Amino acid sequence: MNASDFAAWIRRAAELVTADAERLTALDAAIGDGDHGLNLARGFGAAVTALDGLPAGTTPGKVLIGAGRAIVSKTGGASGPLYGTALRRAGKTLGDAAEPDAAALGTALRAALDGVRELGGAGEGDKTMVDALAAAVTAYETAVDGGAGLPAAARAAATGAAEGAEATVPMVARKGRASYLGPRSAGHLDPGAASTVLLLRALADVTGG
Ligand code: ADP
Ligand code: MG
Ligand code: MG
């Protein structure tokens with residue numbers, strides 16, 4: 001994947017979160033404050049605008065760092081800093097590589113997960129985006145270890161994210177706004193986990209996975 005492929009990923013992610021904004025907001029209305037879709041549509045819209053300002057010949061790392069910075073500054077709510085950190089960490093991890101391979105992207109995705117965990121303090125089982133992202137990263141790494149190329153690994157990550165998100169339904173939230181509901185948060189899909197699925201699906205879409 002070169003810099004324009006990474007920019008295409010962010011653009012596709014923006015399309016998917018905007019198209020699903022109402023569903024994400026409805027999920028958040030059930031166990032949070034009903035703004036997740038709006039937050040992400042605004043944040044990823046700002047990321048797309050930031051991409052337009054990057055110079056020709058930019059690197060994949062700078063694409064992700066620029067998008068992450070825009071998301072942090074324009075997204076309200078807990079999810080903005082978390083997704084922004086994820087993208088900036090991934091971008092930093094890619095360094096100056098012009099065309100990171102499947103393994104390098106795996107290292108970057110792992111760094112994104114570590115960034116979210118450090119910033120938010122959530123682990124797997126706490127009913128957050130971490131459940132979807134951790135499952136996605138594990139599935140990606142397993143695919144690459146088994147010899148998969150980037151498209152197949154990205155598809156595995158998208159499937160893993162969907163499974164990780166689905167697993168949040170019976171969980172009781174221990175982090176974020178949904179944790180205020182205690183046991184009443186069970187029985188609902190976590191909105192951040194649902195949006196993480198869209199971000200990984202966007203990656204699979206642009207790689208042809
Ligand atoms: P807010 O709750 O501030 O309105 P959003 O609605 O945009 O923010 O995002 C809510 C989502 O953010 C949750 O569904 C959850 O996945 C994620 N989230 C919230 N707090 C944390 C945390 N500490 N660690 C990881 N993810 C979190
Ligand atoms: Mg919210
Ligand atoms: Mg909010």
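1. Start with T93. Setting aside neighbours within four places in sequence, T93 touches T107, A108 and A111. Contact here means C-beta atoms, placed from the backbone, within 7 Å of each other. T93 sits in helix α5. T93 and A104 are 11 residues apart in sequence, with 8.4 Å between their C-alpha atoms.

2. Is T93 buried or exposed? T93 is buried, because 21 other C-beta atoms lie within 10 Å. The cut-offs are 20 or more such atoms within 10 Å for buried and 12 or fewer for exposed, with partly exposed in between; C-beta atoms are placed from the backbone. Across the chain, 57% of the 209 residues count as buried.

3. A note on the basis. The model is predicted: local features need pLDDT of at least 70, side-chain atom pairs count only at pLDDT 80 or more, and totals for chains, interfaces and linings use all residues. Residues are numbered from 1 along each chain as its sequence is written, while chains are lettered from A and ligands numbered from 1 in the order in which they are written.

4. Overall fold. The chain has nine helices and zero strands. Both are DSSP runs, numbered from the N terminus: helices are H or I with at least four residues, strands E with at least two. The radius of gyration, taken over C-alpha atoms, is 16 Å, close to the 17 Å from the globule rule for 209 residues, so the chain is as compact as a globular protein of that length. That rule is 2.2 Å times the number of residues to the power 0.38. The C-alpha trace spans about 50 × 40 × 30 Å along its principal axes.

5. Ligand 1. How many residues surround ligand 1? The count is 24, and the closest are G77, G120, T128, G176 and G192. A residue qualifies if its C-beta atom, placed from the backbone, lies within 6 Å. Helices α3 (36–52), α5 (79–94), α6 (102–120), α7 (129–145) and α9 (191–207) each supply at least two shell residues. The most come from α9, with three residues.

6. The shell around ligand 1 divides into eight nonpolar, 10 polar and six charged residues. Nonpolar covers Ala, Val, Leu, Ile, Met, Phe, Trp, Tyr, Cys and Pro; charged covers Asp, Glu, Lys and Arg; the others, Gly among them, are polar.

7. Annotation. UniProt lists residues 4–205 as "domain: DhaL" in an unreviewed entry. Such annotations may be inferred rather than shown by experiment. The span is 71% helix and 0% strand, and its end C-alpha atoms lie 14 Å apart.

Notes
Contact = placed C-beta atoms within 7 Å.
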